[in-house]
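Subject: Structure for you to look at

Hello,

Here is the structure I said I would pass on. Please open it first, then read the notes below it.

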Amino acid sequence: MAGTGEDATLLGEALEALPDPVILVDRRAAVAFANAAARTAFPALAVGNPLVFALRMPEVVDAVERALRGEAAVEAEFTDRGPVERSFALRASPLPSGLSGSDRTRPAALLALRDLTGAKRLDSMRVDFVANASHEMRTPLASLLGFIETLQGPAKDDAAARARFLDIMRVQAKRMARLVDDLLSLSRVEMNEHRRPTAPADLGAVARQIADVLSRLAEERGVELECTLADGDRLVVAGDHDELLRVAENLVENAVKYGRSGGRVDIRVERVHTTSGDEIVLSVRDYGPGIPAEHLPRLTERFYRVDVAESRDKGGTGLGLAIVKHIVNRHRGRLAVESRPGDGATFRVALPALD
Ligand code: ADP
């Protein structure tokens, strides 16, 4: 393709349009060309200036030197510790015509970069997730093993201790079962997240059903549960009925569990007009201690809890709100939390109205 000026222009335009950063350097390692992606990633790049003015990492310098000595396809990884840390993979290749010609400013090596930041973040999230899940499992498992050993040894003939230990063991085993159930639903929801549900689902009916199901729990905890559907509003969304039940269940259960001292939980479903169309909004409000502001942005992270001991004590897995968030995302909706400490918390789910 080389040869005519037109071809060279076309090649330049093609490099410019590539989504990944591409840089050409001459044989003195000065920048001969940097495409748009490269200039965005490294604003200090300037044609004619030494590459090290913009990219001073030793891995880059070394790879460029080796390519300029004629070594083929030198690969390296480097991290740019700017205001936000970013990682890149680099492949440096010599350009023989630029290396051997008489013109010292001709491109002599091509540097192709790939941003690894997103992939690295995902990797570390995955590692954290496995570590957290194993840790959550290990605690009840260790306690079960401890009690089994005690029952086989020192407490073998102690009927009263046996009854007491078996009770504790049942609680621990149930906790593990809940954790496994939550992990499975989280992975199921995540798997389907790109597929938006299409069947009509009545959010009002969902709220009613959950208020019924949880009325006993509320009564046991001395909490008055009130469910209000806005008069005459059509409350239908495109949704997966079972998943929406899980959303409402998690939110109302949390409100009853954590907000019980307030003695009341209000569930409300209404239709709201917005500039981008009507929304059906489910809100769950409690009057308990509320949630300090610094925790609000992290509540939907897996295993994040404001108070780990309190959550465990109440049978929580730390996955409920993560499941809620993924289901809401799948429905292309929004989840918002408002809370003033001492004045309870309001969780609001807004989904686009079906019609
Ligand atoms: P858990 O299984 O621990 O309940 P969730 O993901 O459902 O996990 O909730 C995460 C944390 O958010 C809880 O551990 C609790 O600290 C806090 N939280 C959730 N809902 C409320 C609420 N209504 N009032 C106060 N804190 C809450």
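Glutamate 77 stands opposite alanine 89, a residue of strand E4. The model is a predicted one, so please read everything here as computed from that prediction.

Glu77 belongs to strand E3, which covers residues 74–81. E3 and strand E4 (residues 85–94) run antiparallel, and eight bridges join them. Three residues lie between the two strands, which together form a hairpin.

With a cut-off of 30 Å³ or more, the count is one cavity. The largest cavity has a volume of about 40 Å³.

Its lining consists of Glu136, Pro140, Arg175, Met176, Leu179, Arg305, Gly316 and Thr317. By class, three of these residues are nonpolar, two are polar and three are charged. Helix H5 (117–152) and helix H6 (159–192) each supply at least two lining residues. H6 gives the most, with three.

Where does the largest cavity lie? Domain 2 (118–195) and domain 3 (196–355) both give residues to its lining, so the cavity lies between these domains.

Regards

Key: Residues are numbered from 1 along each chain as its sequence is written. This is a predicted model: local features need pLDDT of at least 70, side-chain atom pairs count only at pLDDT 80 or more; totals for chains, interfaces and linings use all residues. Side-chain values use heavy atoms; hydrogens and water are left out. On a 1 Å grid over the protein atoms alone, a cavity is a set of points where a 1.4 Å probe fits but cannot get out, and a pocket is an open set with protein on both sides within 12 Å along at least five of seven lines; lining residues have an atom within 4 Å of a point. Grid points are joined across faces, edges and corners, and a volume is the space filled by probe spheres set on the points. Helices (H or I, at least four residues) and strands (E, at least two) are DSSP runs, numbered from the N terminus. Ala, Val, Leu, Ile, Met, Phe, Trp, Tyr, Cys and Pro count as nonpolar, Asp, Glu, Lys and Arg as charged, and the others, Gly among them, as polar. Domain bounds come from an automatic or database domain assignment. Buried means under 20% relative accessible area, exposed over 50%, partly exposed in between (1.4 Å probe, protein chains only). Two strands pair if DSSP finds at least two bridges between them.
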